[in-house]
Protein chains: 2
Amino acid sequence: MLPASVSSYIDKNRQAFVDDLAAFLKISSVSTLSEHDEDIRSAAQWVLDQLENCGFEGKIYQTQRHPVVLASSEHIPGAPVLLVYGHYDVQPPDPLDEWETPPFSPSTRDGYIYARGATDDKGQFLTYVKAAQAILGAGEKLPVNLKFLVEGEEEIGSPNLEKFLREHRGELIADAVAISDGAQFAPGIPAITYGLRGLCYFQLDVQGPRFDLHSGGFGGIVENPAQVLANILAALKAPDETVNLPGFYDDVLPLQKSEREEMASLPVDESRIRDYLGVPEFTGEPGYSVVERKGARPTLDINGLWGGFSGQGAKTIIPARAGAKVSMRLVPNQDPGIITRIFHDFIEKNSPAGVKVKITDLHGADPVLVSRQTTAMRAAEKAIAAGFGKKPVFIREGGSIPVVNLIKKHLGQENILLLGWGCPDDGAHSPNERFSLDDFHRAIHSVATLYYEIGV
Amino acid sequence: MLPASVSSYIDKNRQAFVDDLAAFLKISSVSTLSEHDEDIRSAAQWVLDQLENCGFEGKIYQTQRHPVVLASSEHIPGAPVLLVYGHYDVQPPDPLDEWETPPFSPSTRDGYIYARGATDDKGQFLTYVKAAQAILGAGEKLPVNLKFLVEGEEEIGSPNLEKFLREHRGELIADAVAISDGAQFAPGIPAITYGLRGLCYFQLDVQGPRFDLHSGGFGGIVENPAQVLANILAALKAPDETVNLPGFYDDVLPLQKSEREEMASLPVDESRIRDYLGVPEFTGEPGYSVVERKGARPTLDINGLWGGFSGQGAKTIIPARAGAKVSMRLVPNQDPGIITRIFHDFIEKNSPAGVKVKITDLHGADPVLVSRQTTAMRAAEKAIAAGFGKKPVFIREGGSIPVVNLIKKHLGQENILLLGWGCPDDGAHSPNERFSLDDFHRAIHSVATLYYEIGV
């Protein structure tokens, strides 16, 4: 049970906490673009400052690329340990011209704060800091030992986190882990996520002639790399929208009957989602519902493609090269290593002799299922009910959080709470990313409650 | 026969003529990009100044977009009239980073002048001006009535030329037309072109969701516009490299036996061409030779494509939109209007309900065959033999020169001389476009000779 003093402190400091979030969101900590390396360092320092202000002891650890912040609250003998994971890096903000207000100038309107990282993951992660600050600010003592692990490479696949976890294993041992880097099921329907999709992400580069050619002079004798790319990309999907790689579905764990029933019972307003997305019709694998397709079935998407002339008007060339980014969302028990091999084999078989096709493996993540039958899960259910005023539903989410597998593997930890405070229409990775100020406030209540429920 | 005084004048002024060409090439008259509109006007003025310096009377005519230069030499009663067509506009220079020297800073090395427009069409066109200047400079009188028609919209499909020809029909009547906007068959093998391919050029824009989506959150339920684009582009070609549009080949005039024999007799160094292009293998329609495929058979090429994330690293999105430029080279008797309708029908049939696909018609040109049995052709043969020291071969070229059909249609003129002074490896439309200084010099000799042969 959350002491009334803490609850009241959270209510009184609602605006101050939003102001802190806005300060965090002003830092353009885009991890994939090296011109933002200085911003990445500023964001790590900002996180450490926040934790030190709560009396935590912490440090910024350099890795081969972006630093990790590690901090612990003052040790309480006998109390359980909760490890909180978050990430301070964000996705690139482009396409910039689609933002109503600039991505790194947080703007508050209609009950939302708009900025890149608002929900993914700065806003969600910050609730754990603000909950601790509220308990201490209300004059209480923390009821649990807290450890914070905050990285800056989540959006590029956490390439240096595994090494870090291996080297800092001793400092990271905990009784449970909490991660808020996902979403509620829908606005007003809070959720606990027990499944995540994995990821395989590739870049394809097709090299044709040494330079762009006049399509009049050479059209008809030279393999066009953009055509080769289109042929390969088209071949990756079957006409019924299933993934066309041989063996792709071999290791997919079928959904249990009880899960399918549970998913079918979730209230889905498909027309609201279509309106929000602006798509006239949904598509996807036959035989599965929207909830199943977006959370519990594997998919393949082209994330980008380029090549040749894209300016105004006409330029009659055969481009010298063309390329694409392609990724697959995986489900238990698909193995990113096996899928990577299948993908490479398929591309090689579909590459004609007149061009060179290069595949770059950009990142991968295992799919995840965590046990729902744990005391930590019961504590999280109570905490969410207290903060949001209603019991959470249990869901499988379509995104990937690579750290979850690393924590399972290197810390031997299965007690992982995936608590999404954002909403599916918050625009994570999209222009006009936002976070509901009400949800931010409710989540701080929930996290503070969680600290007490776990700590009891 | 060319008077010795003219021939000697051309030889003595070799460098001065190259300097004038360099001045012309410095003007970045890119017609497709509106930021170059001022350069377009400068180039038109430069052309008019050159012609006025030869005693021509001329004028710059505004059109809805880029101006046309029209000029005539002093009238010689009883002499035939030769209409010279050229264009002072050029293709965009991108990709800029592949130029060894900047595209609008002409650089002379190894016997070539390098710049955008060197061969297409500034260098080739200028030979007609310099030949007239040489005759007059040598103290001779022009043996022929010359009219120059020089436009600034060739690289964007000459959208305003038809109206201009209709309105200025009376001023343009001639006994023959000369156009040098193509190439020799190969270096050292001068050619007269009697066939040109036509063109249909389209832009496809596929609109999916309102904004880029997180591929984890929405992968599996939303049609991916980049995938739709790839599927459409792949469907345009059959596995054997033929164009897959129903009815595409219906109106193709089969090559005559004599033409195929003539084409087979042309000396083609395929391995030299492959090395120049940097492609390990040629490709294309089965059953036809390289010469036939690149000049006398229809093709389809993707000229560019774009969509989603193309930056460094990984961004896990479903792009909101994707697009491509697609064009077809047509041969006699394919009709761009019919092909356009076939293309639209095919795209509409292949567009799924979850996206919007928009087609923009960017430009079109009829294919061309001109008669080889004319006195003007015999004059051109003699002129080329005099300038290049060897008789020309007769070829069909893969590119399009939209003006040729307009001249046939509006001036009723069938006597069209297509005399290529450039070479296929001059890099028209490519980075490091160039023109051989020897060929420039030989071509001026040839044109001066042509004036006498036509004028006799």
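Predicted model: local features only at pLDDT ≥ 70, side-chain atom pairs only at ≥ 80, totals over all residues.
**Figure 1. Strand S11 (residues 299-308) of chain A and S11(B) pair with each other in the antiparallel sense.** The pairing of S11(A) with S11(B) runs over five bridges. To find your way along it, look for A:Gly308, whose bridge partner in S11(B) is B:Gly304.

**Figure 2. Chain B and chain A touch through 84 residues from each chain.** On the side of chain B that touches chain A, several elements give two or more residues, among them helix H7 (215-218), helix H8 (225-235) and helix H11 (290-295) of chain B. Strands contribute too, including S10 (213-214), S12 (317-318), S13 (321-330) and S14 (356-365) of chain B. The largest share of this side, nine residues, belongs to S11(B). Sorted by class, the side of chain B that touches chain A holds 35 nonpolar, 34 polar and 15 charged residues.

**Figure 3. Chain B superposes on chain A by a rotation of 180°.** The shift along the rotation axis is 0.0 Å, and the RMSD is 0.1 Å. The two copies are therefore related as by a two-fold rotation axis. Of the interface residues of chain B, 100% are also interface residues in chain A, so the copies meet through the same surface.

**Figure 4. Three strands of chain A form an open sheet in the order S4-S5-S18.** The pairing in this sheet is antiparallel. Strand S4 (107-109) and strand S18 (434-436) of chain A are the edge strands, each pairing on one side only. On average, and with direction ignored, neighbouring strands of the sheet are turned by 25° against each other. Take a closer look at S5 (residues 112-114) of chain A, which pairs with S18(A) over three bridges. Here A:Ile113 has A:Phe435 of S18(A) as its bridge partner. Helix H15 (residues 437-455) of chain A lies across S5 and S18 of chain A, at about 60° to S18(A).

**Figure 5. Helix H13 (residues 375-388) of chain B packs with helix H15 (residues 437-455) of chain B.** Their axes are 8 Å apart and form an angle of about 145°, and the crossing of H13(B) and H15(B) is right-handed. Residues that H13(B) brings to the contact include B:Ala376, B:Ala379, B:Ala380, B:Ala383 and B:Phe388. Those from H15(B) include B:Arg442, B:His445, B:Thr449, B:Leu450 and B:Ile454. By class, the contact of H13(B) with H15(B) has ten nonpolar, four polar and three charged residues.

Technical notes:
Residues numbered from 1 in each chain as written. Chains lettered and ligands numbered in written order. Axes fitted to C-alpha atoms, helices over the stretch in contact; angles between N-to-C directions. Helix = DSSP H or I, 4+ residues; strand = E, 2+ residues; numbered from the N terminus. Left-handed = near helix turned anticlockwise from the far one by under 90°. Contact = placed C-beta atoms within 7 Å. Nonpolar A, V, L, I, M, F, W, Y, C, P; charged D, E, K, R; others polar. Pairing = 2+ DSSP bridges. Least-squares fit on C-alpha atoms with pLDDT ≥ 70 in both.
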